[in-house]
Amino acid sequence: MSYFSNLFKTEFSKNVLTLMTGTTIAQAIPIAITPILTRLYTPDDFGVFALFLAITAIAGAVSNAQYEQAIVLPKKVEDSFNLVALGILIAILFSVLLLIVVFFFNNSIAVLLGNEQIASFLYLVPLSTLLVGIYNSLNFFNIRKKEFKNIANSQITRSGSLGISQILIGLIALGPIGLILGQIVSYFSGNTMLFKTLKNNYKQGYISKEKMKQQARVYKKFPLYSLPGILLNSINLNIVNFLISSFFSITTLGFYSLTQRIIGIPSRVIGSSIGQVYLQEASQSYLQKGNTQQIFIMTLKKLVILTLPIFLVLYFISEPAFAFVFGEEWQISGAYAKILIPLAAIGFINNPLTLTLIIHQKQQFLLIYNLYVLIVTLLIFIISSNYNMDFINILEILVFVISLSHSFLIYFNWRISKLSS
């Protein structure tokens with residue numbers, strides 16, 4: 001008993017708890033308002049919103065060219081400031097490029113996605129991408145400075161503004177516009193909170209063009225290897241949304257998106273908090289000891305201990321709970337949830353530990369893995385559609401194959417954690 005008690009009485013655990021407290025409050029708001037949103041918005045509206053989020057997630061993941069991941073690594077704080085500036089500059093240029101693409105290919109993109117309704121909302125993608133890019137850089141700087149309380153406060157601020165915006169706009173406007181604008185407002189508010197740490201630590205002369213160039217060269221592996229890897233990873237996480245819209249319907253995507261919104265709560269509340277603290281602690285371990293094995297094993301144990309009760313409960317209550325909480329119309333989302341929970345559980349363990357590859361600068365392996373997952377996902381949908389399989393059967397195959405793949409990646413990260421720098 002004392003082992004499990006001591007396991008959670010470390011600075012690591014206290015930092016995780018700080019983030020979890022803020023994240024729990026931040027996630028409690030969307031959970032609380034979701035029954036309201038499912039009565040203000042239709043499954044089709046949620047489907048269009050899911051497409052918008054998928055596009056923004058992919059664009060946002062690459063908007064800083066992955067230089068934000070390097071912010072926690074330099075020994076000198078001055079260097080980290082230049083990485084923040086570099087990441088935001090790249091995000092601005094990338095967003096301008098996106099605006100040009102949307103202007104010329106708006107209708108073609110909508111047709112490709114299998115939903116013409118998304119066309120009018122594509123013009124908001126560059127703005128949303130820029131805000132995500134700024135958030136990425138500011139968030140990693142806060143992680144570096146161990147400002148976990150400020151990160152937690154920013155999550156609460158984001159969540160509160162998201163909920164209020166989506167409800168208010170949903171009461172006065174039809175369609176998915178309220179869901180989309182709420183997302184944009186939330187990033188504005190979150191960035192305001194995170195900027196305080198940057199402002200409080202800045203000294204005149206820290207940032208310059210030459211210093212930014214120098215840091216770009218020092219951490220060139222991040223755009224060379226992490227960028228393609230995170231692009232593939234983000235596509236992997238969102239490709240199913242595009243495939244559902246193309247192979248099935250926007251309504252099916254709406255039901256699926258609600259499922260992901262709910263069963264992803266443990267990863268967003270606990271997993272992401274553990275991941276952010278693990279990144280900071282493991283980075284320090286790598287600088288001081290040359291490896292991350294000890295912190296990896298400790299984090300793995302905590303994740304496994306947390307996974308079993310959380311996802312077992314979700315598995316047994318998901319189907320009846322969806323219909324009761326969100327309305328009978330959304331009962332099918334509960335059926336999807338029961339299938340997806342095993343994959344969500346293994347992802348809960350895998351996602352924080354995958355940062356090991358980033359810390360050891362072994363991003364090329366993550367690139368190969370993400371390419372494999374993308375190809376497998378596409379093949380499952382294409383082959384299954386040729387046999388006229390229904391969506392539930394496809395989900396079952398997908399969950400089995402990807403769960404095995406994630407299990408292998410956990411083992412591989414453990415092997416990497418033992419390597420010396």
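Me: Why does Ile383 count as partly exposed?

Reply: This is a predicted model, and Ile383 has a relative accessibility of 45%. Buried would need under 20% and exposed over 50%, so at 45% Ile383 counts as partly exposed.

Me: Where does Ile383 lie, and how far apart are the C-alpha atoms of Ile383 and Ile394?

Reply: Ile383 is part of helix α15, which covers residues 363-386. Its C-alpha atom is separated by 9.7 Å from that of Ile394, 11 residues apart along the chain.

Me: What makes α12 roughly antiparallel to α16?

Reply: Helix α12 (residues 293-326) packs with helix α16 (residues 391-417) at an angle of about 150 degrees, and their axes are 8 Å apart. Angles over 145 degrees count as roughly antiparallel, so α12 is roughly antiparallel to α16. As for handedness, α12 passes α16 in a left-handed crossing.

Me: Which residues in α12 and α16 meet?

Reply: From α12 come Gln293, Phe296, Ile297 and Leu300, and they meet Ile410, Asn413, Trp414 and Ser417 in α16. Sorted by class, this contact has 5 nonpolar, 3 polar and no charged residues.

Me: Which residues have the most contacts inside the largest nonpolar core?

Reply: They are Ile118, Phe242 and Tyr256, in a core of 117 residues. Helix α13 (residues 331-353) supplies the largest share of this core, with 12 residues.

Me: What does Ile118 touch, not counting residues up to four places away in sequence?

Reply: Ile118 touches Val48, Leu51, Phe52, Ala110 and Leu113.

Methods
Residues numbered from 1 in each chain as written. Predicted model: local features only at pLDDT ≥ 70, side-chain atom pairs only at ≥ 80, totals over all residues. Heavy atoms only, no water. Helix = DSSP H or I, 4+ residues; strand = E, 2+ residues; numbered from the N terminus. Buried < 20%, exposed > 50% of the residue type's maximum accessible area, 1.4 Å probe, protein only. Axes fitted to C-alpha atoms, helices over the stretch in contact; angles between N-to-C directions. Parallel < 35°, antiparallel > 145°, perpendicular 65-115°, else oblique. Left-handed = near helix turned anticlockwise from the far one by under 90°. Contact = heavy atoms within 4.5 Å. Nonpolar A, V, L, I, M, F, W, Y, C, P; charged D, E, K, R; others polar. Core = buried A, V, L, I, M, F, W, Y, C linked by side-chain atoms within 4.5 Å.
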